[in-house]
Amino acid sequence: MKNMFLRQSSRAVGRQELWRLSRRGLSRLAPTATATTTPSTTSSATRPLAPNSRSSALAQQPSTRRQFHATRELQVVKPVLLADIGEGIVECEVIQWFVEPGARVEEFSPLCEVQSDKASVEITSRFAGVVKKLYYDAGEMAKVGKPFVDIDIEGDPENKEAEALTPPEPVSTPEGQQAIKGEAISTSTPQAIAPELKQAFIEAPWAQETPAPSHSPVTKQTGKHASLATPAVRHLAKDLNVDITEITGTGKDGRVLKEDVYKFVQVKASASIPSPSGATPTTPGVSAAAAAASAFSSPAATASGPQTETTVPLTRTQEMMFKSMTRSLTIPHFLYADEVDFTSLVELRARLNKVLSKSGLPEGEVKKLSYLPFVIKAVSMALYKYPVLNARVDLDSNSNGKPSLIMRSQHNIGVAMDTPSGLLVPVVKNVGSLNILSIAAELARLQSLAVTGKLSPQDMSGGTITVSNIGSIGGTYLSPVIVEKEVAILGIGRMRTVPAFSTVPGEEDKILRRQICNFSWSADHRVIDGATMARAADVVRSIVEEPDVMVMHLR
Amino acid sequence: MAALLLRSTTGGIRCLTKGPAFISTTTTTTISSRLGFSRLTKLRRSYSTTISQDLLNKKVQVYQSTSNDPYLNLSIEHHLLQHSHPDSYVLFLYINDPCVVIGRNQNPWLEVNLPALQETEDIKLVRRRSGGGTVFHDHGNVNWSVICPPAVFDRDRHAEMVVRALKDLGVTTAKVNERHDIVIAGDGRGNGKDVFKVSGSAYKLTRLRSLHHGTCLLNSPQLKNIGKFLRSPGEPYIKARGVESVRSPIRNVDVDTQEFNKRVVDEFLAMYEEQFGEDVTVERVGEDLKDMSNIRKGMDELTSIPWIYGQTPQFTFSSRPTEDDPRERPPLDLDVQSDFNIEFTLRHGEIQTANVSGLKYEGPATDKDFYDGMISKALAKGSDDESAVKLYEIKDWAAVLKSATAGQGLKVSDSSLNSLSEWLNKVFPGSHFR
């Protein structure tokens with residue numbers, strides 16, 4: 001019950017974070033300032049010191065927490081002190097907690113409310129992290145200047161530095177270890193990789209070096225923190241008159257080891273100029289296959305480098321696709337797929353195209369028909385018989401909250417197109433009133449506009465059903481996603497030639513060539529049942545398989 | 001249509017026009033600053049049906065409430081605290097209907113005479129969000145509230161501002177004491193011995209804003225009764241954590257509320273207007289603000305029983321001195337055994353542990369201890385159990401005690417039960433809230 005009053009204030013605090021805050025103002029220690037103004041000195045005094053604080057590179061940072069193992073997050077549980085709330089108050093009562101152990105807090109999220117005589121004070125967190133322990137219950141007196149909550153701090157900026165050291169580690173450690181092993185046998189040469197690899201092909205595999213770029217991250221990192229080295233190594237480096245910051249370390253976290261120093265010296269002494277890989281250790285056991293592979297791979301062989309992530313924002317088209325498909329997620333799809341025999345259509349199309357090419361149409365007219373106009377027309381004809389496929393679902397019609405179907409008179413068939421800018425679905429309007437030629441002309445117009453990116457919003461809107469001809473690129477079956485505000489979509493696969501038995505009576509044993517194409521329908525199962533879809537699909541199939549049927553329906 | 005209101009620079013004018021002090025068109029007023037020069041400032045005084053973010057971002061904001069609903073006014077205050085711009089200075093003035101207002105962490109059974117409140121029909125019980133002690137509000141009491149950035153927060157700063165306003169009105173002995181209250185001297189002698197409190201303060205400090213609000217007893221008609229309402233019959237028996245009120249003798253300042261409002265606004269503007277020039281707004285707000293969702297939500301919280309009664313920290317109630325609470329108890333006149341003792345510990349207004357002994361039972365009094373134990377257990381179901389006894393739900397202790405003993409095969413004697421219930425009904429009356 002005490003948790004019932006979690007937060008208007010926390011939401012308000014979150015909103016207030018958007019306003020400009022002057023952290024300087026908050027850190028001023030006015031005697032009656034709010035409780036969050038903990039002076040940083042008191043807090044850092046309680047920070048645990050890491051074991052190795054000798055490294056000069058990290059010495060500038062006040063925190064000396066460093067990782068020497070592969071844990072991702074820094075586990076530092078920090079006891080947070082109750083700040084002075086002024087007026088000489090030494091203790092105050094905790095009225096209520098806004099968090100519990102295990103709760104995640106951000107910087108500035110409210111932790112608790114305390115009260116001292118007349119003032120009720122909201123205490124917010126200085127850190128982001130996870131609450132580990134509450135020192136007081138609600139109702140108890142909390143002492144000012146003593147810890148009142150433990151927070152497991154995550155994602156400190158210093159921590160990121162330490163983390164930055166870890167990625168190369170999986171690369172360097174095995175090599176480092178193997179370098180130690182292979183030290184005796186290694187024939188480290190100062191030459192560039194390619195001749196090395198070529199040599200390795202013939203010579204002992206363990207003489208190979210791994211591709212250079214895998215080490216360049218290591219190089220960069222260790223170059224920054226090059227003074228990661230034990231005193232013995234440093235001494236050695238000094239003796240040999242070598243600048244330790246120039247040596248790439250191969251030990252844990254990029255530490256410079258003795259062998260690195262020796263190798264570096266050899267590299268320096270030798271005549272040929274080493275690439276950044278010059279000082280790298282050899283890796284025994286890298287097979288010839290890897291060499292072959294790296295020969296194929298580009299010089300920037302990130303194949304063996306660490307996983308890199310680059311953020312690429314979505315393009316306009318991708319964004320639109322993202323939004324649209326996310327909306328389509330609410331539609332329960334079912335897939336209905338069927339094989340359609342295109343043989344007759346193929347013949348018809350061949351004949352028609354001959355006519356078209358001979359007829360000498362003026363420029364700009366369609367010279368050649370593809371299959372798509374026929375399929376689109378067939379779909380439209382099926383829609384006359386099953387108009388429910390042309391409808392859309394309205395979830396909240398007429399303010400009575402019940403869903404309903406909105407039937408639509410025109411068949412506006414969207415055609416999915418793959419353009420240089422991505423997936424676009426322009427719409428062929430009123431297919432019912434168009435003939436094959438005009439459909440083809442419209443398709444051509446839309447296509448040219450799509451390719452140049454000049455489709456108008458008019459062209460893109462108003463679709464009632466969609467056809468996606470992925471078969472032009474490839475594929476047999478597909479499960480297309482229904483476009484928002486529609487209830488069905490047809491995906492057309494690739495046409496292929498298959499052998500089939502003749503259907504001519506008396507010749508059933510004869511094997512013929514048939515052109516087969518797969519139609520994959522997806523429909524909204526909230527309003528379309530399987531039977532309707534099957535029957536409609538059958539109508540389409542029969543028209544496509546016997547295109548002469550269209551002649552019957554000519555107006 | 002502008003009217004010009006001129007005011008003299010020093011106090012001394014006690015009888016001034018009553019009635020609405022603000023005209024809803026542009027008014028020009030002369031504001032006397034303490035430095036002695038007058039400035040002619042054009043202030044837009046208007047009535048707002050909502051508090052827009054625009055207003056909340058102004059550097060200097062003055063709001064006066066036309067509503068007397070204490071829950072609404074406190075919600076408006078809270079909304080201003082949370083949503084006004086972090087750099088702004090806000091003054092909010094409001095007058096409440098008669099009500100008793102307890103501090104954020106106080107105990108109503110300890111601080112308030114709940115039976116008395118129940119008898120008088122129209123006095124509300126309010127728990128505010130800031131700390132401090134219990135006060136009584138009515139139409140003769142003006143509440144002033146200042147919200148400012150934490151960097152300039154000082155407990156005395158705005159109390160001094162109100163003192164200046166009072167001095168302007170002729171209350172020459174007004175001053176701020178070490179508890180940050182405003183006091184005036186007694187009957188003219190001013191030797192410091194007879195000081196009377198006229199205003200108490202409380203604070204709420206958040207990360208970005210500091211709120212200081214206080215009362216001011218100007219001309220309360222109920223002055224004599226205030227003490228009655230703030231003395232609880234349960235006080236000798238209840239020991240609470242949380243803040244206890246500090247009693248002070250009180251007195252009316254004897255000044256008109258509208259005049260006081262005007263002066264406080266003037267003083268506030270004098271403090272901050274110079275810095276911020278044009279970025280000032282003076283608004284009147286009222287019942288319309290109930291339509292704002294934040295304020296609505298705030299009111300719902302403030303009027304809820306769990307907030308008013310349930311936000312009480314743990315306390316103990318015992319009829320005899322205990323280790324925690326060794327005070328002498330006044331003698332009880334109940335029809336009970338001589339070793340009678342009743343002890344509760346309560347949290348969030350629910351009985352957590354109970355210990356009852358020494359009731360008079362009917363029939364063979366063979367195993368009184370056992371029966372006492374049964375009652376104790378029945379009363380202390382604990383908060384995990386739905387049927388935990390919630391103090392604020394009890395209409396009549398007789399019923400509670402009866403049900404605690406029901407089905408146990410024992411019966412508390414009627415007179416014992418009645419006398420105990422009568423007493424408990426005084427100490428822990430049921431929910432008063434209307």
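The largest cavity in this predicted model holds about 130 Å³ of space, a cavity being a set of points on a 1 Å grid over the protein atoms alone where a 1.4 Å probe fits but cannot get out. Volume here is the space filled by probe spheres set on the points, with grid points joined across faces, edges and corners. Local features need pLDDT of at least 70 and side-chain atom pairs count only at pLDDT 80 or more, whereas totals for chains, interfaces and linings use all residues; side-chain values use heavy atoms, with hydrogens and water left out. Residues are numbered from 1 along each chain as its sequence is written, while chains are lettered from A and ligands numbered from 1 in the order in which they are written.

**Cavities**

- The structure has 15 cavities of 30 Å³ or more.
- The largest cavity is lined by 14 residues (lining residues have an atom within 4 Å of a point), and those closest to its centre are Ile95(A), Ala138(A), Thr312(B), Pro313(B) and His348(B).
- Its lining comprises three nonpolar, eight polar and three charged residues, where Ala, Val, Leu, Ile, Met, Phe, Trp, Tyr, Cys and Pro count as nonpolar, Asp, Glu, Lys and Arg as charged, and the others, Gly among them, as polar.
- The second largest cavity holds about 90 Å³, and the residues lining it include Leu74(B), Glu77(B), Arg128(B), Lys204(B) and His213(B).
- In chain B, α2 (70-83) and β15 (210-214) each supply at least two residues of that lining, and α2(B) gives the most, with four residues; helices (H or I, at least four residues) and strands (E, at least two) are DSSP runs, numbered from the N terminus.
- Four nonpolar, three polar and four charged residues make up the lining of the second largest cavity.

**Pockets**

- About 1300 Å³ of space lies in the largest pocket, a pocket being an open set with protein on both sides within 12 Å along at least five of seven lines.
- Of the 49 residues that line the largest pocket, Val415(A), Ala416(A), Met417(A), Leu424(A) and Val425(A) lie nearest its centre.
- Among the elements of chain A that give two or more residues to this lining are α14 (372-385), β12 (413-419) and α15 (436-452), while α12(A) gives the most, with eight residues.
- By class, the lining of the largest pocket has 28 nonpolar, 14 polar and seven charged residues.
- The second largest pocket, with a volume of about 920 Å³, is lined by 45 residues, of which Thr134(B), Lys197(B), Leu230(B), Ser245(B) and Val246(B) are the closest to its centre.
- The lining of the second largest pocket divides into 16 nonpolar, 15 polar and 14 charged residues.
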